[in-house]
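Here is a short tour of one protein chain. Look over the sequence and the structure first, then read on.

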Amino acid sequence: MGVDPGVVRAGARWRVPYWLERGGVDAGARTAEVRDAFAPPMAAERVVGSLPNLVANRISTQLDLAGPGFAVSAEEASGLVALDLAARALRAGEADVALVGAVDLSTEPVHLAALRELGEEAEPGDAAVVLVVKPLDAARRDGDTVLAVLDDEAAGAPDLVVGDGPGAAFDPVSAFGRAHAAQGLVSVAVAVTALQARAVPCAGLPADSSVPPRTAVAVVSPLEGDTVRVGLRAGDARAWFPGPGPRLHVYSGNDRGEVLAALETGAESPAGPARLALLVERDADLPARRAAARRWLERGGVRPSGVRYRERPVAGRTAFVYTNGSASYPGMGRALALALPSLGEAVRAAHGPLGGPQRAGAGAGVLGRIWGAAELATLHTVLTRDVLGLRPDAAIGYSSGESAALIALGAWPDAAGLYAATRDSGLFTTELTGELRAVRRVWERAGLRGERWASYLVTAPLDTVRAELAREAAVHLMAVNAPGVCVVGGEERACRAVVERLGTDRAFPIDYDIAAHAPELAAVRDSWREVHRRPTVAVPGVRFYSGASGRAYEPTSERVADALTAQGLGTIDFAGTVEQAWADGVRVFVEHGPRGLCTGWIGRVLGDREHVAVALDAQGDPGLRQVCLAVAELVVAGVPVRADALFDGLGGGGHGRRRARPHPYRRRPGTALPGGRGGALPYGGRGNPASGRRGDAPFRGGGPRVSRSGKRAPADHAASARSGARASPRRPGIRLHGATRRRPGPGGSPRPGRPAQWSGRRAAPRGDGPPRRRAPGVPESVGAGGRRAGADRGGLSRAPREPPRSAPASPSLRPPSPGPSYPSPPPTRQEPPPPRPLRPSPGRSSTARSWNTSPPGRSPPSSGRGSPRRTPTRCRRGCPSRPCSSPTASPASTRNRPRSSPVRGRAWAGRSGPRPTCAGTAGTWTPPDGCPPG
């Protein structure tokens, strides 16, 4: 927290007379008017609200938390300092869960004026951040989603720096403004979000998911203070999808008529041979999509968007197709990596970073584009094999797609070594692209003049193209993609001349400046073969096709090197390779990598012959529509594919479909938090989220408040003064306020009770505790210096620095000395007032039954500051705050609430002595034996 202008105004209101007097101004009757100009009069609720440190205590009250609650003032570093204090408490075993938050409305006029006085030019912003922190093993045990892990001892430089420190990749001020006291936690929130999404935030640009960060540091530099930083490590990945998650609806039957009938009734099933698939982004779009599909099936015409249909399944083998680096484009695969971050983790776990951030943007060069396409192809391979469950029988690569297929399918396990070899060889940087050193040497020996290499996609009959190329020695047929589609390349001026003769409307320049699939590569044959001679492992069940010969082969180091050298120096016959694969029984072609150009060529090659060809990527698709349409096409074609695995994952990551987790502080009943070394502190209460025990279960801790120095704090009551609680050897100088009281049962044995709340509120018994009994002359909950412990200081106060006193070896505490006993009368049941239905409280015996009037799964609401969430009764006839059986009882203060109150969820059974009763309308109080009168 920082300086609250509201608090400053309240103080200024009371200083107005003094300021007027010093200024020699006699405002007279206008003094009140001048005061009101600063702030309105302070009512009781505004006085409480103006206490900055009370906010944490109010949160503890509302959430029914039993741990410490206090505010931290460290300007911009307030959030990071609070987070560090929470981490210390968790590591020391002083708490199970910590709630850390920071809120600042920095656009307030007073704050803006102060910034101008200080010469600060950063744009202010408003922010509120709350973090729930707990030990990692406890979070895993409880099944919590781990957003990130605090890790200040990580070795090496972090992958991501967020904040205003040196080397920061992203400063939240550029997006949100500077939120002053909340700025530190804003940086933490940005870093946590980046680690969850496995992406690096970019100012004004989409996040970069090409190199997912695993470690991060949040940095903030306070005004006139030292830089504060917090180290983070990635936790569980979180899917992110822009918009509602798409859904696939499938209707089937034996023929078109049955599909129409199923569509009419809304009966979804993929069992029939004829299948209709509808892809919708929102459930509200389904009726319109069904109507459009019905009209198309009945009348024909243009197929509606998001609709796929086949009369019968496609039977045959499956081939994975891989495109080359010329199809790369900036931002490819970003949406897929964000929506399914586990894919990127699987790729990097198996292959490493695949050459670095190649998908981040343009200007990566030819080598970067090749590896960018290979990375996306590998990402798609993990999707199709691990998520969709497809199993390829063949692999077909186009140009550098042959190398991508070997990497993605695992035949080349050393992707990092291949990247280093291609980079260091110079083939893809200076020899065959860029300066074209090797190509120029060949042209010079042939007497040709040339400076640059150019490539064109030509849509003309192959015989016509060959005839024109015969007239130019420096231009070559690089690839035959499909009937009437080929690629030519060579010296720039000569290529332009060929294109002009063929017709400029038939040729399209390719922005891919590399000499390949041409005789000029003979000058670097040995280097090319050595680069592509890699350690190779067999991929069972998969045949790899060579683009040069069009035939399949079993990959070995030598065979792969020969195949890639042949296609590097000669023409690629992609059309012939597809024909051979179809002849070998391949009917399903799934293209991996950017754009999907190969899918169109496959369609032109096979024409009306039975097959299905789908692409997993399309340029200009901001989401994953192309992936979803490809899956829909495979579903209607009868290809065994786990479509639900994809759509369930996308639906869980989409806005509006994310399943809300239960509130972490209402997930289960609480119990005492464990103490530290050699002792236990009385942190308890029903609001503790980390425990699986019921609130009235035995707990660790008890006795009086104990300071960190080991000195017992002044007792709250006589029982705690005699409890013999063991000192906790904590850090000296900090006193932890809280007390545990247990009423002894029959025979003096300790009865499980509720510990006192440990927070900025008065240490009052929580839950079913007995009435407070103070030692004579000791005020209630008094801390050091006679102040009420924790009433307005967040539960922390200074204690004298004294050496810690030794603790007993046993971790258990001695029971408190017995208090007054009461004989047990027959159990009675108190009927609560309507309208809530009555239900027995769980865990109670049949002989001591009580009733709970709160709805299932909820605690009764709080009745005020520092009070548990129950409402006792008090007799209207003037009885003290004692249990009353009178039908005229009404709600009263909970300060000295006894255990026997019927609305407290516990009967009087088990006590010794007669139950205290009231004479009803007579108002006569009958105290139990041993109690003082009144």
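How many disulfides does the count come to? The count comes to zero, where a disulfide is a pair of cysteine sulfur atoms within 2.5 Å.

This is a predicted model, in which local features need pLDDT of at least 70, side-chain atom pairs count only at pLDDT 80 or more, and totals for chains, interfaces and linings use all residues. Residues are numbered from 1 along each chain as its sequence is written, and side-chain values use heavy atoms, leaving out hydrogens and water.

## The chain as a whole

The chain has 934 residues, and 52% of them count as buried. Buried means under 20% relative accessible area, exposed means over 50%, and partly exposed lies in between (1.4 Å probe, protein chains only). C202 is partly exposed, at 27% relative accessible area. C598 is buried, at 0%.

The secondary structure comes to 27 helices and 31 strands. Both are DSSP runs numbered from the N terminus: helices are H or I with at least four residues, strands are E with at least two. Contact means heavy atoms within 4.5 Å. Of the contacts with a separation of 6 or more, 69% are between residues 24 or more positions apart.

## The cores

A nonpolar core is a set of buried Ala, Val, Leu, Ile, Met, Phe, Trp, Tyr and Cys residues joined through side-chain atoms within 4.5 Å. The largest one has 129 residues. F544, F574 and F589 have the most contacts inside it. Helix α14 (residues 365–387) gives the largest share of this core, eleven residues. A second, separate core has 35 residues, including L90 and V190.

Beyond residues up to four places away in sequence, F574 touches V321, I396, Y398, V480, N481, C598, W601 and I602.

Two strands pair if DSSP finds at least two bridges between them. Strand β21 (residues 586–592) runs parallel to β22, and four bridges join them. Here V590 stands opposite V614 in β22.

Axes are lines fitted to C-alpha atoms, for helices over the stretch in contact, and angles run from 0 to 180 degrees between N-to-C directions.

Where is T384? T384 sits in helix α14. T384 is buried, because its relative accessibility is 0%. Leaving aside neighbours within four places in sequence, T384 is in contact with F320, G389, L390, V590, H592 and L616.

Strands β14 (residues 453–458) and β16 (residues 485–491) pair in the antiparallel sense over six bridges. A454 stands opposite G490 in β16.

Strands β5 (residues 200–202) and β6 (residues 205–208) are antiparallel, paired over two bridges. V200 has D208 in β6 as its bridge partner. The two strands form a hairpin with two residues between them, and G204 in the turn has a positive phi of about 75°.

## Helix pairs

| Helix pair | Axes come within | Crossing angle |
|---|---|---|
| α15 (residues 401–408) and α22 (residues 557–569) | 10 Å | roughly 155° |
| α13 (residues 341–351) and α14 | 9 Å | roughly 110° |

Angles under 35 degrees count as roughly parallel, over 145 as roughly antiparallel, 65 to 115 as roughly perpendicular and the rest as oblique. α15 is therefore roughly antiparallel to α22, and α13 and α14 are roughly perpendicular to each other. In the α13 and α14 contact, the residues include L343 and H351 of α13 and E375 and V387 of α14. E402, S403 and L406 in α15 meet V560, L564 and Q567 in α22.
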